[in-house]
Amino acid sequence: MITLGIEGTAHTLGAGVVDSDKNILSNVIDMFVPAEGGLHPSEAANHHSDVVSSVIMTAAEEAGISLREVDLVSFSMGPGLGPCLRVAATAARSLSSRLGIPIMGVNHCIAHIEIGNATTGCGDPALLYASGGNTQVIAYSDGRYRIFGETQDVGIGNMLDKLGRELGLGFYAGPAIEKLARDGDKLLDLPYSVKGMDVAFSGIMTAALMLKKKGHRLEDIAYSIQETTFAMLTEVTERAMAHIGKDEVLLGGGVAQNKRLQEMVRIMAEDRGAKMFVPDRRLCVDNGAMIAWLGNIMYNSGIRMDIRDTAVRQRFRTDEVEVTWR
Ligand code: ATP
Ligand code: FE2
């Protein structure tokens, strides 16, 4: 069975093709980069509308198939930015009706977990999902993927991007902060904000900007922000693993590409006799292949969706989905 997946929750419009044997036949990503300032949902949605047809055609071409050979179309139903979600949903609906094939709306966060499970060989992990808009620790328990901890304000990536903008590092600042942090060596004082199983980042960002005003080096600020926030993420992930007795930890989301975060989580995991798994970079970021893969396994588990059930859900929570495929 050939599934085409369309991703469009935030700044990335992606399309990917998978078969039922876990082969990723293509995975095309087109990311919107704002000329200046932050991400405006309607600007990102305009970008998505402009590129969605060509991204889908390229995904089919790279997979070596024609659209007629697609058996199922799936799309990211949420959570995400309304205008962006609607572009992906509209494209999926029109393909479904034009080709006469079934449609599946999927939860974006669960797609991150399932593509990790499928491609890294882990079986039953706790997922640390750290991206721009999302920061959650998720694990399977009793029929659902449950959220054991999450950010109480912004996603860690959005915080890094906003801080980066204020520090003049340009948009999508995570990689730039990682690079600067390698040359930092002074751990500056920042609020360590863990509340139970949850974390919060906005106070830390304000404090980091104060450090800049006080004249500290950017390298030391970048180093300190990484050490502090990644320690927070590692702590809540460890607590979730201990609480539910998982001996695997899976990373997902764009921030999970950060080598220092990977190192901290790996050391924590090894100390507990557990193992860490990190998906390939193009499967960590928002992408269509993971949407296709989740659509495929949901369909194979017997789930069916009508076009009338495909309204997008900006606040679609991970634990709302009944997991019927495990
Ligand atoms: P979602 O819709 O899942 O919230 P998203 O659209 O924000 O996701 P992703 O593609 O998963 O995006 O991740 C993008 C984020 O990852 C950006 O905030 C970016 O700064 C951050 N990022 C990318 N690489 C790194 C890195 N090496 N270190 C830290 N952060 C990074
Ligand atoms: Fe994501």
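In this predicted model, helices α4 and α7 are roughly antiparallel to each other (an angle over 145 degrees). The axes of α4 (residues 156-166) and α7 (residues 218-244) come within 12 Å and cross at roughly 170 degrees; axes are lines fitted to C-alpha atoms over the stretch in contact, with angles from 0 to 180 degrees between N-to-C directions. Helices are DSSP runs (H or I, at least four residues) numbered from the N terminus. On α4, the contact (heavy atoms within 4.5 Å) involves Ile156, Met159, Leu160 and Leu163, and on α7 it involves Ile225, Thr229, Phe230 and Leu233. These contact residues comprise 7 nonpolar, 1 polar and no charged.

Helix α4 also belongs to the ligand site: α3 (108-120), α4 and α5 (174-181) each supply at least two residues of the shell around ligand 1. Of the 25 residues around ligand 1 (a heavy atom within 4 Å), Tyr129, Ser131, Asp161, Glu178 and Asp286 come nearest. The shell has 8 nonpolar, 14 polar and 3 charged residues, where Asp, Glu, Lys and Arg count as charged, Ala, Val, Leu, Ile, Met, Phe, Trp, Tyr, Cys and Pro as nonpolar, and the others, Gly among them, as polar.

| Protein atom | Ligand 1 atom | Distance |
|---|---|---|
| Gly133, backbone N or O | oxygen | 2.8 Å |
| Asn258, side-chain N or O | nitrogen | 3.0 Å |
| Asp286, polar side-chain atom | oxygen | 2.7 Å |

Taken alone, ligand 1 exposes 640 Å², of which the protein buries 96% (Shrake-Rupley method, 1.4 Å probe).

Residues are numbered from 1 along each chain as its sequence is written, and chains are lettered from A and ligands numbered from 1 in the order in which they are written. Local features need pLDDT of at least 70, side-chain atom pairs count only at pLDDT 80 or more, and totals for chains, interfaces and linings use all residues, while side-chain values use heavy atoms, leaving out hydrogens and water.

Note on methods: Parallel < 35°, antiparallel > 145°, perpendicular 65-115°, else oblique. Polar contact = N/O pair within 3.5 Å; in protein donor to acceptor, adjacent residues only side chain to side chain.
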